[in-house]
Amino acid sequence: MIDFQAARVMMVDTQIRPSDVTHYPIIDAFLSVPREQFVPTEARAVAYVGDHLKVSADRVVLDPRVFAKMLNAVSIQPDELVLDVGCGLGYSTAVISQLAQAVIALEEDAELAEEAQSLLAAQSVDSAVVAVGPLVDGQAEHAPFDVIVIEGGVEQMPQSLSDQLKEGGRVIAIMLDGPSGQVRLGKKIADKISWRVEFDATAPLLAGFEAAKEFAF
């Protein structure tokens with residue numbers, strides 16, 4: 001029998017804290033949310049390993065180190081509204097809900113979204129709502145957002161998501177360039193997003209976030 005509570009503490013102490021994530025609300029969120037409840041049943045035994053965990057054909061729960069460092073960089077405040085893009089089974093949403101005032105979790109796979117809503121309800125996460133729709137479209141009806149967190153690889157930031165970010169708002173994403181990638185933090189200033197590199201990381205490319213193809217004649 002696995003002691004998941006001990007595994008959570010070990011994850012924080014050996015993966016997250018050594019990655020220079022020391023902000024207490026983030027540490028507390030990772031200690032509080034049972035990651036094993038938000039992964040497929042067959043993956044529960046490895047829920048706390050330091051790697052992305054596959055949820056479906058093109059969706060993962062991000063590596064704890066990567067996700068924690070993303071949250072550390074984007075610095076979500078208790079009065080902010082967050083759009084969680086590609087929430088999968090809802091783990092990221094559960095963690096973010098402990099940091100933000102409210103979270104809109106977006107998932108285009110209807111089955112994943114339904115299960116995410118059930119899992120979040122089972123954990124008494126009442127400050128989050130799961131919406132179903134194309135990830136690239138965002139959730140205009142709930143915009144503007146203070147923060148957008150993208151749970152997967154991005155080659156090109158969709159304009160629709162940029163438009164839904166509040167002036168002065170932040171977006172955090174894993175920007176891919178071939179086999180390599182970087183987590184970048186963007187801030188919207190004068191209707192444009194200015195990006196800065198935070199650290200190296202990769203993740204599976206989300207459908208719809210591919211770079212536009214250039215045709216040579």
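Figure 1. Just after α3, Ser 75 takes a positive phi of about 50°. The model is a predicted one, in which local features need pLDDT of at least 70 and side-chain atom pairs count only at pLDDT 80 or more, while totals for chains, interfaces and linings use all residues. Numbering runs from 1 along each chain as its sequence is written, and side-chain values use heavy atoms, with hydrogens and water left out. Helices (H or I, at least four residues) and strands (E, at least two) are DSSP runs, numbered from the N terminus. At the start of α3, a side-chain oxygen of Asp 63 comes within 2.8 Å of the backbone nitrogen of Arg 65. This is a polar contact: a pair of N or O atoms within 3.5 Å, where within protein one must be able to donate a hydrogen and the other to accept it, and residues adjacent in sequence count only if both atoms are side-chain atoms. The helix is mostly covered, with 8 of its 11 residues buried. Buried means under 20% relative accessible area, exposed over 50%, and partly exposed in between (1.4 Å probe, protein chains only). Among the buried residues of α3 are Val 66, Phe 67, Met 70 and Leu 71.

**Figure 2. The nonpolar cores.** A nonpolar core is a set of buried Ala, Val, Leu, Ile, Met, Phe, Trp, Tyr and Cys residues joined through side-chain atoms within 4.5 Å. In soluble globular proteins, nonpolar side chains tend to be buried together. The largest core here has 57 residues, of which Phe 30, Phe 67, Met 70, Leu 71, Ile 76, Tyr 91 and Ile 96 touch the most other members. Helix α3 (residues 64-74) gives the most to this core, with 7 residues. A second, separate core of 19 residues includes Ile 148, Leu 165, Met 175 and Leu 206. Contact means heavy atoms within 4.5 Å. Beyond four places in sequence, Ile 76 touches residues including Leu 71, Val 82, Ile 96 and Val 147.

**Figure 3. Two residues of strand β4.** Glu 107 belongs to strand β4 (residues 102-107). Because its relative accessible area is 0%, Glu 107 counts as buried. A polar atom of the Glu 107 side chain lies 2.8 Å from the backbone nitrogen of Gly 88. Not counting residues up to four places away in sequence, Glu 107 touches Arg 59, Cys 87, Leu 112 and Ala 131, among others. Val 103 also lies in β4. With a relative accessible area of 1%, Val 103 is buried. Val 103 is in contact with residues including Val 82, Asp 84, Ile 96 and Val 129, leaving aside neighbours within four places in sequence.

**Figure 4. Aromatic pairs.** A pair of aromatic rings is described by the distance of the centres and the angle of the planes. Rings of Phe, Tyr and Trp (its six-membered ring) pair if their centres lie within 6.5 Å; planes under 30 degrees apart count as stacked, over 60 as edge-to-face and the rest as tilted. The count comes to 5 aromatic pairs. The rings of Phe 4 and Tyr 48 have centres 6.4 Å apart and planes at 45°, so this pair is tilted. Phe 4 is in helix α1 (residues 4-16), and Tyr 48 is in the loop between α2 (24-32) and β1 (53-56), 44 residues apart. Phe 4 is partly exposed at 21% relative accessibility, whereas Tyr 48 is buried at 10%. Phe 67 and Tyr 91 also make a tilted pair, with centres 6.4 Å apart and planes at 55°. Phe 67 lies in helix α3 and Tyr 91 in helix α4 (residues 91-97), so the pair ties together parts 24 residues apart in sequence. Ring pairs join Phe 30, Phe 38, Phe 67 and Tyr 91 in a cluster.

**Figure 5. Charges over rings.** A charge sits over a ring if NZ of Lys or CZ of Arg is within 6 Å of the ring centre and within 35 degrees of the ring normal. The charged end of Arg 35 sits over the ring of Tyr 91, 5.1 Å from its centre. The charged end of Lys 69 sits over the Phe 199 ring, 4.3 Å from the centre.
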